[in-house]
Amino acid sequence: MCNRNSLDLSFAATEAEASAGIAQLSIGLEAQGLPPHKAADVKIALAEAINNVVEHAYAGITPAKVQVHCRLHQNWLDILISDTGNPLPGFRVPEGVPAPLGSSIDELPEGGFGWFLIHELTSDIRYERSDGCNRLSLRFDFPRHTI
Amino acid sequence: MALTSTTKDATQIIKVHSDRIDAAMAIQFKEDMRNEAEGGAERVVLDLSGVEFIDSSGLGAIVASMKQLGSDRRLDLAGLHPFVEKVFRLTRMDTVFKLYPTLDDALAPSAK
């Protein structure tokens with residue numbers, strides 16, 4: 001077995017393309033050996049990060065591409081998501097504070113969970129803005145279980 | 001987004017015929033839920049047994065669906081895949097909705 005596998009995918013930053021891209025990446029990562037117990041965490045965080053690009057980075061401007069580069073190591077997975085949209089507010093990773101549930105049904109939040117989920121499910125998050133490009137790196141650790 | 005609806009006793013059952021509820025279909029889902037639930041029974045059970053993936057936009061659409069039912073009706077959820085249940089648990093939405101492992105559980109006399 002290889003110690004390192006790569007998976008790359010690039011698609012237009014639209015909701016439909018993102019939906020198909022997330023599904024394709026998820027299947028590809030499992031085929032490359034992502035441990036099944038980690039697959040759900042990765043898919044949730046990956047989907048939220050890609051949806052953020054579609055909904056926010058390219059908000060109000062012509063959507064270009066989302067590029068996803070995955071490197072699967074024996075004990076961890078690195079995912080780099082790049083786009084040429086607007087930078088993250090303040091040029092930094094937003095905090096992962098969950099939206100408060102409120103005290104009645106009317107007050108229940110219908111959004112604001114994305115960054116909270118990404119923080120919850122990743123081991124490390126890094127963001128870099130350079131040359132008009134956003135680069136968000138997500139790392140998922142999965143210490144080897146003895147079989 | 002295909003939804004079908006049946007009524008059993010005093011419960012309207014709406015089944016989702018899609019393997020995912022995500023950002024690409026959240027708005028459509030909310031609209032379809034509004035149409036499907038209109039004039040239905042007081043209690044609505046959403047059968048999610050065919051749904052294998054949900055993101056926070058899909059979750060938001062289910063929350064919005066509950067809100068648009070108004071205060072006289074309620075929305076319970078049945079048949080959640082482990083993946084879908086995890087998203088509800090992480091966001092603590094499992095404390096807001098009643099979740100049933102299967103549709104049969106949701107329709108058992110003790111569940112009403």
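A residue is classed as buried if 20 or more other C-beta atoms lie within 10 Å of its own, as exposed if 12 or fewer do, and as partly exposed in between, with C-beta atoms placed from the backbone. The model is predicted; local features need pLDDT of at least 70 and side-chain atom pairs count only at pLDDT 80 or more, whereas totals for chains, interfaces and linings use all residues. Residues are numbered from 1 along each chain as its sequence is written, and chains are lettered from A and ligands numbered from 1 in the order in which they are written.

Most residues other than glycine have a negative phi. A:Phe91, not a glycine, has a positive phi of about 55°. A:Phe91 is exposed, because it has 10 C-beta neighbours inside 10 Å. Its position is the loop between β3 (76-83) and α3 (114-121) of chain A, where helices (H or I, at least four residues) and strands (E, at least two) are DSSP runs numbered from the N terminus. In chain B, Asp9 is not a glycine either, and B:Asp9 has a positive phi of about 50°. The loop between β1 (3-8) and β2 (11-16) of chain B contains B:Asp9. With 9 other C-beta atoms within 10 Å, B:Asp9 is exposed.

The contact (C-beta atoms, placed from the backbone, within 7 Å) involves 20 residues of chain A and 19 residues of chain B. On the side of chain B that touches chain A, α2 (56-68) and α3 (82-90) each supply at least two residues. The largest share, eight residues, comes from α2(B). By type, this side of chain B has 10 nonpolar, four polar and five charged residues. Here Ala, Val, Leu, Ile, Met, Phe, Trp, Tyr, Cys and Pro count as nonpolar, Asp, Glu, Lys and Arg as charged, and the others, Gly among them, as polar.

Methods. Two residues are in contact if their C-beta atoms, placed from the backbone, lie within 7 Å.
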